[in-house]
Amino acid sequence: SPVRSALAFSMARSRAIARNARWLWTTSMPSRADYREEAEQYLIPDLRKMNEIAKQAGAKFAVASFACPDIYNLPYLERAWFRGQFFFNQQPRTEFDDYALAAEGFNEACRKFCESESALYIPVAENLKGGIALYVDITHMHIPGMKKKAQIIADNLKSPILESLKNLAQP
């Protein structure tokens, strides 16, 4: 209805509602499922192409999940700092919480893709939880975050690489 649309538009422009009444805010914003569906529509086809190229080359394709600060489990001041650092100028207004939700939707789509296409899924986001000690901002990491991310990737690739080398060594 026009009234509901106008109300949703007003709510989507309100920083106060976005930050202080998430339960109300989420009624007018995309859900994790919406973000997942968008990733499946626009990103997964390209991952599928890259996976096919890797298979043709005899390689295994890997996708790492997208990590960002763990907004829901941070102390109040860290949460406020990250929310203050986030700026994405669009209408409707987008907040860091929405960015994190979009990342979760993307990760779900990637995990599903990897399961169905026999690609390797590297759970970086699932294992790189934290705040200011690991992240410079919503995306970039301090050295400890980079080291931890590299270790997660190495731990997840070690076994497939060893298996591949073992298969190459056999006549």
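This is a predicted model: local features need pLDDT of at least 70, side-chain atom pairs count only at pLDDT 80 or more; totals for chains, interfaces and linings use all residues.
1. **Overall layout.** The chain has nine helices and two strands. In sequence order they run α-α-α-α-α-β-α-α-β-α-α. Of the 171 residues, 34% are buried. If you take contacts between residues at least 6 apart in sequence, 70% of them join residues at least 24 apart.

2. **Helix α5, length check.** Helix α5 covers residues 44-56.

3. **The buried side of α5.** Which residues of α5 are buried? They are I44, L47, N51 and A54. Looking down the axis of α5, these buried residues fall within an arc of 70°, so they line one face of the helix. The spacing makes sense, because an α-helix has 3.6 residues a turn and residues three or four places apart point the same way. As for what sits over the buried residues of α5, the cover includes α4 (32-42), β1 (62-64) and α7.

4. **How α5 packs on α7.** For a pair of packed helices, the description is the angle between the axes plus the distance between them. Here α5 and α7 (residues 96-117) pack at about 35°, with axes 11 Å apart. The crossing of this pair is right-handed.

5. **Who touches whom.** On the α5 side of the contact are I44, L47, R48, N51 and K55, and on the α7 side they meet A109, C110, F113 and E117. By type, the residues of this contact split into five nonpolar, one polar and three charged. I44, L47 and N51 are also among the buried residues of α5.

6. **After α5.** Just past the end of α5, have a look at G58, which takes a positive phi of about 80°.

7. **N107 in α7.** One more residue to check is N107, which lies in helix α7. Is N107 buried or exposed? Its relative accessibility is 6%, so N107 counts as buried. Setting aside neighbours within four places in sequence, N107 is in contact with S65, F66, Y121 and A125.

Note on methods. Residues are numbered from 1 along each chain as its sequence is written. Side-chain values use heavy atoms; hydrogens and water are left out. Axes are lines fitted to C-alpha atoms, for helices over the stretch in contact, and angles run from 0 to 180 degrees between N-to-C directions. Helices (H or I, at least four residues) and strands (E, at least two) are DSSP runs, numbered from the N terminus. A crossing is left-handed if the near helix is turned anticlockwise from the far one by less than a right angle, and right-handed if clockwise. Contact means heavy atoms within 4.5 Å. Ala, Val, Leu, Ile, Met, Phe, Trp, Tyr, Cys and Pro count as nonpolar, Asp, Glu, Lys and Arg as charged, and the others, Gly among them, as polar. Buried means under 20% relative accessible area, exposed over 50%, partly exposed in between (1.4 Å probe, protein chains only). The arc is that of the directions from the helix axis to the C-beta atoms.
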